[in-house]
Every structure is written in structure tokens, then in C-alpha cells.
Amino acid sequence: MDRIVTDATPIPTGPVLVTVVYFAVYYALHLHLLRTKRHLKIEYRARGEEFDRYFSRDRRMLAADRCVLNMLEQMPPFVCLLWLHAVFVSPLGASVAGGAY
């Protein structure tokens with residue numbers, strides 16, 4: 001009876017979980033952005049003003065925008081470095097560092 005030997009490496013579940021949570025937070029920030037936009041439209045309409053999403057100087061809209069865009073800006077280096085560390089150094093170390101970030 002021949003035994004099949006494979007050299008399959010198990011999938012590191014820690015970095016996978018960190019990546020999934022990171023993207024879930026990113027999409028949650030998108031929902032926050034949409035919610036802020038909707039609330040501001042209603043607020044501006046009640047005051048009889050027109051809300052312009054792109055040229056508004058409303059601090060709440062700017063803060064929601066910056067949250068999403070800052071995370072988008074940091075996403076490629078974070079995910080690349082997380083997985084490089086997981087593959088070449090330690091999946092546990094990558095999970096701990098990614099979770100702390």
C-alpha cells in the first residue's frame with residue numbers, strides 16, 4: 001500500500017483572521033461615511049440649504065472621508081508586510097503585530 005506524501009503547508013489562520021477583520025473595519029468605515037452623508041443631507045435640507053458632498057466644509061463629512069482614505073492609503077503596505085512576515089518569519093508574530101495595529 002503506497003502512501004501519498006504531500007508537502008502542503010497549513011494555512012496560517014491568524015494572519016487570515018487579521019486580514020478579514022482589517023477589511024471588515026474598512027467596509028464598516030464606508031458604511032459610516034454613507035451614514036454621515038445621509039444625515040448631513042437631511043440636516044441641510046431641513047435648514048433649506050443644499051449639501052454638496054465634494055465641496056462641503058462640514059467637519060463631520062471631512063472626518064468620515066479622512067477615516068476611509070487614510071485606511072485605504074495604509075492598506076497596501078499593511079497587508080503586504082503582514083503576509084510577508086507570516087510567510088517568511090512567523091505567522092504567530094504576524095498575527096500579534098497585525099492585531100495590535
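# Helix packing and burial in a predicted model

Me: Which residues does Leu-33 touch, not counting residues up to four places away in sequence?
Reply: In this predicted model, Leu-33 touches Arg-53, Met-61, Ala-64, Asp-65 and Val-68. Leu-33 itself is in helix H1.

Me: Why is Leu-33 called buried?
Reply: Its relative accessible area is 10%, and buried means under 20%. Leu-33 is therefore buried.

Me: How do you know that the side chains of Arg-53 and Asp-65 are joined by a polar contact?
Reply: The distance is 2.8 Å, and a polar contact requires N or O atoms within 3.5 Å. Asp-65 is also among the contacts of Arg-53 beyond four places in sequence, together with Leu-33, Lys-37 and Met-61.

Me: Why does Thr-19 count as buried?
Reply: Thr-19, in helix H1, has 14% relative accessibility. The cut-off is under 20%, so Thr-19 counts as buried.

Me: What lies around Thr-19, leaving aside its neighbours within four places in sequence?
Reply: Thr-19 is in contact with Leu-82 and Trp-83. As for polar atoms, one in the Thr-19 side chain lies 2.8 Å from the backbone oxygen of Pro-15.

Me: Why is Val-96 called exposed?
Reply: Val-96, in helix H3, has a relative accessible area of 56%. Exposed means over 50%, so Val-96 is exposed. Leu-92 and Ala-100 in H3 are exposed as well.

Me: Which residues of H3 are buried, and what puts them on the same side of H3?
Reply: Ala-94, Ser-95 and Gly-98 are buried. They span an arc of only 100° around the axis, which places them on the same side of H3. The exposed residues Leu-92, Val-96 and Ala-100 are on the other side. The cover over the buried residues of H3 includes helix H1 (13-47) and helix H2 (59-88).

Me: What makes H1 roughly parallel to H3?
Reply: Their packing angle is about 25°, with the axes 8 Å apart. Angles under 35 degrees count as roughly parallel, so H1 is roughly parallel to H3. Their crossing is left-handed. Gly-14, Pro-15 and Val-18 in H1 meet residues of H3 that include Pro-91, Ala-94 and Ser-95.

Me: Why is H2 called roughly antiparallel to H3?
Reply: Their axes cross at roughly 150° and come within 7 Å. Angles over 145 degrees count as roughly antiparallel, so H2 is roughly antiparallel to H3. From H2, Phe-78, Leu-82, His-85 and Ala-86 meet Pro-91, Gly-93, Ala-94 and Gly-98 in H3.

Me: How do you know that Ser-90 caps the N-terminal end of H3?
Reply: A side-chain oxygen of Ser-90 lies 3.3 Å from the backbone nitrogen of Leu-92. The polar-contact limit is within 3.5 Å, and Ser-90 is the cap at that end of H3.

Definitions and conventions: Residues numbered from 1 in each chain as written. Predicted model: local features only at pLDDT ≥ 70, side-chain atom pairs only at ≥ 80, totals over all residues. Heavy atoms only, no water. Buried < 20%, exposed > 50% of the residue type's maximum accessible area, 1.4 Å probe, protein only. Helix = DSSP H or I, 4+ residues; strand = E, 2+ residues; numbered from the N terminus. Arc of directions from axis to C-beta. Contact = heavy atoms within 4.5 Å. Polar contact = N/O pair within 3.5 Å; in protein donor to acceptor, adjacent residues only side chain to side chain. Axes fitted to C-alpha atoms, helices over the stretch in contact; angles between N-to-C directions. Parallel < 35°, antiparallel > 145°, perpendicular 65-115°, else oblique. Left-handed = near helix turned anticlockwise from the far one by under 90°.
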